[in-house]
Amino acid sequence: MTTRAPASVEGLLLTADRLLDGELADTTTAGRHRGACLALRTALEIRVDRVLEAATPGLSRTTGRAKLLLLHSVVPAETARRAKALWSQLSLGCHYHLYELGPTYDQVQVWRTEADELVRELIH
């Protein structure tokens with residue numbers, strides 16, 4: 001039995017880029033945008049997990065929302081606020097809502113830029 005290596009933050013950011021560039025064209029535009037949002041959100045979650053685990057080991061079973069609240073205790077307040085805001089936007093963007101349009105290319109590009117900046121800031 002083989003186990004898959006955990007996804008890397010850099011790999012997820014690259015996947016989001018590929019989805020936005022249309023390289024993975026087996027799906028609709030809206031599907032690619034949602035997929036990019038999911039990849040970006042997962043990259044952010046992994047980086048937040050690593051930052052918190054380094055500061056306070058044993059938080060792996062804590063919910064994502066709780067981790068975003070705890071982030072204020074280990075990084076500057078503005079960085080934690082931006083991470084929580086981006087996570088919320090990406091969460092809305094990656095879920096299908098019957099009576100709403102999905103995120104636009106421009107929205108996802110803005111979130112991609114913000115995710116890249118936050119991932120760099122959260123390296124420690």
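These notebook entries record what I looked up in the structure, helix by helix and then pair by pair. The model is a predicted one.

**Entry 1. Helix 1**

I began with the length of helix 1, residues 9-21. Its 13 residues should span 18 Å at 1.5 Å a residue, and I found the end C-alpha atoms 18 Å apart, which agrees. I then listed the buried positions of helix 1, which are Val9, Leu12, Leu13, Ala16, Leu19 and Leu20. Viewed down the helix axis, these residues fall within an arc of 120 degrees, so they line one face of helix 1. On the face turned away from that buried side I noted the exposed residues Glu10 and Asp21. The packing partners of the buried residues are helix 2 (29-55) and helix 5 (105-121). Just after helix 1, I recorded a positive phi of about 80 degrees at Gly22.

**Entry 2. Helix 4**

I repeated the exercise for helix 4, residues 77-94. Helix 4 has 18 residues and reaches 26 Å from its first C-alpha to its last, close to the 26 Å expected at 1.5 Å a residue. Its buried residues are Thr79, Ala80, Arg82, Ala83, Leu86, Trp87, Leu90, Ser91, Gly93 and Cys94. They cover an arc of only 165 degrees around the axis, which puts them on the same side of helix 4. The face turned away from the buried side carries Ala77 and Leu92, both exposed. I found that the buried residues of helix 4 pack against helix 2, helix 3 and helix 5.

**Entry 3. Helix 2 against helix 4**

For the pairs I noted two quantities, since packed helices are described by the angle between their axes and the distance between the axes. Helix 2 and helix 4 pack at about 150 degrees, with axes 8 Å apart. An angle over 145 degrees counts as roughly antiparallel, and helix 2 and helix 4 are therefore roughly antiparallel to each other. Their crossing is left-handed. Helix 2 makes this contact through Arg34, Cys37, Leu38, Leu40, Arg41, Leu44 and Glu45, while helix 4 supplies Ala83, Leu86, Trp87, Leu90, Ser91, Gly93 and Cys94.

Is Arg41 buried or exposed? Its relative accessibility is 15%, and the cut-off for buried is under 20%, so Arg41 counts as buried. Setting aside residues up to four places away in sequence, Arg41 touches Trp87, Leu90, Ser91, Cys94 and His95.

**Entry 4. Helix 2 against helix 5**

The axes of helix 2 and helix 5 come within 10 Å and cross at roughly 15 degrees. Helix 2 and helix 5 are therefore roughly parallel to each other. This crossing, too, is left-handed. From helix 2, I listed His33, Ala36, Cys37, Leu40, Leu44 and Arg47; they meet Tyr105, Val108, Trp111, Arg112, Ala115, Leu118 and Val119 of helix 5.

His33, in helix 2, received its own check. His33 has a relative accessible area of 8% and is buried. Which residues does His33 contact, leaving aside its neighbours within four places in sequence? I found Leu20, Pro103, Thr104, Tyr105 and Val108. Of these, Leu20 is one of the buried residues of helix 1.

**Entry 5. Helix 4 against helix 5**

Helix 4 and helix 5 pack at about 140 degrees, with their axes 10 Å apart. Helix 4 and helix 5 are therefore oblique to each other. Helix 4 passes helix 5 in a left-handed crossing. On the helix 4 side the contact is made by Thr79, Arg82, Ala83, Leu86, Gln89, Leu90 and Gly93, and on the helix 5 side by Trp111, Glu114, Ala115, Glu117, Leu118 and Glu121.

I followed up Glu114 of helix 5. Not counting residues up to four places away in sequence, Glu114 touches Arg82 and Leu86. I also looked up Glu114 and Trp87, which are 27 residues apart along the chain; their C-alpha atoms are separated by 10 Å.

**Entry 6. Leu69**

Lastly, I examined Leu69, found in helix 3 (residues 64-70). Its relative accessibility is 55%, so Leu69 counts as exposed. The C-alpha atoms of Leu69 and Ala43 are separated by 17 Å, with the two residues 26 apart along the chain.

Technical notes
Residues are numbered from 1 along each chain as its sequence is written. This is a predicted model: local features need pLDDT of at least 70, side-chain atom pairs count only at pLDDT 80 or more; totals for chains, interfaces and linings use all residues. Side-chain values use heavy atoms; hydrogens and water are left out. Helices (H or I, at least four residues) and strands (E, at least two) are DSSP runs, numbered from the N terminus. The expected span of a helix is 1.5 Å times one less than its number of residues. Buried means under 20% relative accessible area, exposed over 50%, partly exposed in between (1.4 Å probe, protein chains only). The arc is that of the directions from the helix axis to the C-beta atoms. Contact means heavy atoms within 4.5 Å. Axes are lines fitted to C-alpha atoms, for helices over the stretch in contact, and angles run from 0 to 180 degrees between N-to-C directions. Angles under 35 degrees count as roughly parallel, over 145 as roughly antiparallel, 65 to 115 as roughly perpendicular and the rest as oblique. A crossing is left-handed if the near helix is turned anticlockwise from the far one by less than a right angle, and right-handed if clockwise.
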